[in-house]
Amino acid sequence: MGEALLMIEFACNVSVRGTKMNVWTTNAGSPNGAGKLRKNALAVAAGALLCCAAILPAAQAQENSLLFLAEDVPSGLDPDGPSIAIPTTQLGMVQLLEPLIAYENAAQPNDDGVNVPDFTKPVGRLLESWAYDADKLTWTLKLRKGVKSCAGNEFSADDLMYTYARALNVGGAVPNAWFLLNMAGVKGFTTDVFSSDKAIADKAKQLGDGIRKIDDYTVEVEQVKPNPLYLVNIAVTISQGVFDSKEMKAHATDADPWSYDYANNVNLPSFGPYCLDNWTKNSEIRFKANPNYYRGKAPIDVAIIKKVPQGGNRISILQSGQAQLIQGMTPNQYDNIRKMPGLKVSGVLGNEGLFIVMNFKTPPFDNIKLRQAIAYAMPYERVIQVGYGGQAKQWESVVPSTYPSFIKQDPPYTYDPEKAKALLAEAGYPDGKGLEKYADQFKLTYVSEKETTLGPVVNQIRSALTGVGIPVTLDPIPQAQYGDRQIVKKDLAFAVNDQEKPIGVDTGYAMQLFFVSKEAGGLNNMMNYANSELDSMWASARNEPDKAKRDATLADMQKILMRDLAWLPVVEFKTQWAHTDKLKGITWNPGNSLLLNELHY
C-alpha cells in the first residue's frame, strides 16, 4: 500500500507540481521522436490527473469547498513580516484578518461580471460607526459588539489597542502597520521609533494618549494635523486588520513578546471569515470557515490554496474539474481558457502594472541620463504584444491610471533606440562602452515562479537593451528570496516587478509608500530613491485640506518621479482569474487578493 501511494504521489508531482518533468511540453529533436514523446506525455498526464484525486484534497468533491491553484502559497502571515509584499502571502492574510472598514460594491458588476468597490461608500466591518471631530482632530470609533475570533474570543477595544501598540513597536521585519498610521498623521506614530538613541526610540514606542480606550467598545484616535488618509488606510486589510489579542498574548515569549514568529510562521489570529486549518509552506494552505464569523459563516466551508508552479498544469487541473479556481496565467492562456466549455475568465483593469527597478545605491543606476536611456530603449509595444497578447497598455506615470490625481507623463517615454544611444553617450557610455564592468549590476532579476508570464517580457527587454549597448543578462530567483531582497534588504540592483501596487486608493498614499525617503517616513522605497524636494512636497501635501492644492502638488511630484525615473513604469495590465462557470461572487479589491468568503456556487 505504501509503495502504491508513493507511485501516485510521484505521478501527481509530474503533472501537478511541475517538478523536473513537465509532461505538457517537449523539445524532442525529430518529428517522430516528438510525436512519440508527446503521446507518452499525454498518457502520463491523463493517468496522473485521474490518480491525483487520491492525494489532492477530497474537499473539491464537495459543493461547499474550493481548490484554488496558485503559483505559490504564503511564505509568511505576519503583516509586519518579511514576505508582506508577496501577493500570495497577502492572499493568505486577507482570509484570516478582518478590517475596521471596507467598501460597498458598486451597483453593477463590470463587463466580466466582477463586483468592484465603490470607493465613495465606506462601510463598517469591525467598526459599527465612526465620527470625526475636526476641531479636536479626533476620530471616535464605535466597535461592533458580538464579534468572535476563530479561538472564540470576543472582540473589544483591548484588541484594537493591542493592534495599535504592536504597530508602534516596529519589531517586525517591515514596519508596515506603523507606516499607515504614520502616513495618516496619528498622534504618537513618529519616526522617533527608528532613532539610534535607544532612550528616544523606547519612549516613542509607548502608545501614549494619541489612541485612547474610552470603554470596551469605544476608542478615540487623535491626529496631529488634518489628514484625509486615516479613513482610506484603515480599509487596508493586510496592514490594518485587527489581531485577537488574547490569542496573540498566549503565544508570546520573553524573546518575542509581540508574537512575531507565531504570527508569521504558525497562525494569524483575528476575527476574519476563515480560520487556518493546515499550512505546509511551499505546498498548500487550508482554511475552514469561521463558525463564529459575525457576518455569517462563509458559503464555502473548506478553501485550499495549493501551489502548482506550472501554468499549463493549473489549466489542465481546472479543466479536469478537480480545481475550481486558478490565477497567475498569461493573457494568451486566459484567452484560450475563455474558449473552454464550463470555464470562465473574470478580470478587471484595477491597479496592477509592471515596472523596472533601478537601484540608486548601485552604480551606474545613480546616473539619471543612464536611467533615461533605458526608458527610451524599452520596447513598450513589443512587451504589450508579446508579453501580454495586446491585453495591456503603456503605463505613463508611477501611480495607477485608475486612481484620483493620476497625470500622464508629457511627453511620454517611447521606444526610440537612437535617443537611447544619445543619452547613453551623455551618461558617459557611448555605445555602451564602459558598462561591461557593471555586468553583475545588469542582471535583470525577476520571480522564477512567474517564468511563464515574465519570461517573454524579460526576453523582449533584454533584446532591446542589448541592441543599444546595455549588457543585460537574466536572473530569475525564487519568490521568497525576491520578496526579502526587495522589501527588507532593498538590494536588487536591476529588476522587473509586477506585484507592487498601492492598496490605499490615493495617489498620496502611493507617494509615501514607494517614493518618499525612509528618513521622511517612506516604507517600501525599494529603489533607495532620496529626493529632499519630493519629501518636502509630500510633507506639505499630506496635510493639505484644499483638494485642488493637494492635487497640484501630487501632479508636480509625479513629474519629478518620471524625470528621475524613480522606477520605470512599463505597462498596466488586467487582473484576472479563471474558474468553473459555476463559481459566483468574484469580487475585486485594491489588494487584488480574492476574498474567498465572497465566493459561492
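Trainee: What is the volume of the second largest cavity?

Mentor: The second largest cavity has a volume of about 170 Å³, a volume being the space filled by probe spheres set on grid points joined across faces, edges and corners. A cavity is a set of points on a 1 Å grid over the protein atoms alone where a 1.4 Å probe fits but cannot get out. This is a predicted model, in which local features need pLDDT of at least 70, side-chain atom pairs count only at pLDDT 80 or more, and totals for chains, interfaces and linings use all residues. Residues are numbered from 1 along each chain as its sequence is written, and side-chain values use heavy atoms, without hydrogens and water.

Trainee: Which residues lie nearest its centre?

Mentor: Gln-90, Asn-176, Ile-238, Glu-500 and Leu-513 do, out of 16 lining residues (an atom within 4 Å of a point).

Trainee: Which elements give two or more residues to that lining?

Mentor: Those are α8 (237-240) and α18 (507-515), and α18 gives the largest share, three residues. Helices (H or I, at least four residues) and strands (E, at least two) are DSSP runs, numbered from the N terminus.

Trainee: Changing topic, how much space lies in the largest cavity?

Mentor: The largest cavity holds about 510 Å³. It is lined by 33 residues, with Glu-71, Gly-328, Glu-352, Lys-450 and Phe-573 the closest to its centre. Among the elements that give two or more residues are α16 (451-467) and β19 (575-580), while α3 has the largest share, four residues.

Trainee: How many cavities of 30 Å³ or more does the structure hold?

Mentor: It holds five.

Methods
On a 1 Å grid over the protein atoms alone, a cavity is a set of points where a 1.4 Å probe fits but cannot get out, and a pocket is an open set with protein on both sides within 12 Å along at least five of seven lines; lining residues have an atom within 4 Å of a point.
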